[in-house]
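Welcome, and please take a moment to look over the model before reading on. We will walk through it together, one region at a time.

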Amino acid sequence: MLLGLLYPIAITIIAQKLFSFQANGSLLRNGDTVIGSRLVGQGFTGPLYFQSRMSANNYDGTNSGATNLGPTSKKLMDATADKIAKVRQENGINPGTPLPADMVLTSASGLDPHISPENAVLQSGRVARARDISISDINTLIDRNTDNDFIGIWGKPGINVLTLNTELDKVINKEQLK
């Protein structure tokens, strides 16, 4: 009775009172329409948007997981080489420029909502050209949407792709960037 019923009810009430946004899925809305969750990655296509970290399962939340291919797998090596070539071509990145791992490798869950600041910077030129916005304006949005590490100790800075792309869609003129 205590552990099977009362404890879950108490935790649910506490979560709803103190962390209601997170407890309800961290959903982002455009008016009444849910456009996604801040906690779950989703795919974006086309030059107008920053691309999320690649997913082994097409961002399917019911099928979270990686490919399970080992580091010596020829299939993994070929797929990664194809991704590297595609990323370089789409973003106009020279062959000698190092790419951050999160730009060409999938995450373990396939649902990571963040990309590294380095990844975002390498995509910024493509997005700026497609939207006819200056790189400095794009960098302002990147900075505004960077989630820093927790108190300077845990984690690494990351950019939530959904919130960045949502803000990009809202920007109509430079005054909104200030």
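Helices (H or I, at least four residues) and strands (E, at least two) are DSSP runs, and both are numbered from the N terminus. V34, for instance, is found in strand 2. Before going further, please keep in mind that this is a predicted model, in which local features need pLDDT of at least 70, side-chain atom pairs count only at pLDDT 80 or more, and totals for chains, interfaces and linings use all residues. Residues are numbered from 1 along each chain as its sequence is written, and side-chain values use heavy atoms, with hydrogens and water left out.

Let us begin with the whole chain. The protein chain has six helices and five strands, and from the N terminus on its elements run α-α-β-β-α-β-α-α-β-β-α. Along its principal axes, the C-alpha trace spans about 65 × 50 × 35 Å. A residue is called buried under 20% relative accessible area, exposed over 50%, and partly exposed in between (1.4 Å probe, protein chains only). By that scale, 34% of the 178 residues of the protein chain count as buried. Contact means heavy atoms within 4.5 Å. Among contacts between residues at least 6 apart in sequence, 55% join residues at least 24 apart.

Now back to V34 in strand 2. V34 is partly exposed, with a relative accessible area of 39%. Not counting residues up to four places away in sequence, V34 touches L27, L28 and R29. Further along, G43 sits in the loop between strand 2 (33-37) and helix 3 (74-91). G43 counts as partly exposed because its relative accessibility is 42%. G43 and P157 are 114 residues apart along the chain, and their C-alpha atoms are separated by 21 Å.

What lies inside? In soluble globular proteins, nonpolar side chains tend to be buried together. A nonpolar core here is a set of buried Ala, Val, Leu, Ile, Met, Phe, Trp, Tyr and Cys residues joined through side-chain atoms within 4.5 Å. The largest such core has 17 residues, and those with the most contacts inside it are F50, A120, I138, I142, I159, L164 and L168. Helix 4 (117-131), helix 5 and helix 6 are the elements that give two or more residues to this core, with the largest share, four residues, coming from helix 6. A second, separate core of six residues includes M54, V87, L99 and M103.

Leaving aside neighbours within four places in sequence, F50 is in contact with F44, A120, Q123, S124, R126, V127, I138, I142, V161, L164, N165 and L168. One of these partners, N165, lies in helix 6. Is N165 buried or exposed? N165 is buried, with a relative accessible area of 1%. Beyond residues up to four places away in sequence, N165 touches F44, Y49 and F50.

Next come the helix pairs. Two packed helices are described by the angle between their axes and the distance between the axes. Axes are lines fitted to C-alpha atoms, for helices over the stretch in contact, and angles run from 0 to 180 degrees between N-to-C directions. Angles under 35 degrees count as roughly parallel, over 145 as roughly antiparallel, 65 to 115 as roughly perpendicular and the rest as oblique.

Helix 4 and helix 5 pack at an angle of about 135 degrees, with their axes 9 Å apart, and are therefore oblique to each other. In this contact, A120, V121, S124, G125, V127 and A128 of helix 4 meet I135, I138, N139 and I142 of helix 5. By class, the contact has seven nonpolar, three polar and no charged residues. Here Ala, Val, Leu, Ile, Met, Phe, Trp, Tyr, Cys and Pro count as nonpolar, Asp, Glu, Lys and Arg as charged, and the others, Gly among them, as polar.

In the loop between helix 4 and helix 5 you will find D132. D132 has a positive phi of about 55 degrees although it is not a glycine. With a relative accessible area of 72%, D132 is exposed.

Finally, helix 5 (residues 135-144) and helix 6 (residues 161-170) pack at an angle of about 135 degrees, with their axes 10 Å apart. That angle makes helix 5 oblique to helix 6. I138, L141, I142 and R144 of helix 5 make the contact with L164, E167 and L168 of helix 6. By class, this contact has five nonpolar, no polar and two charged residues.
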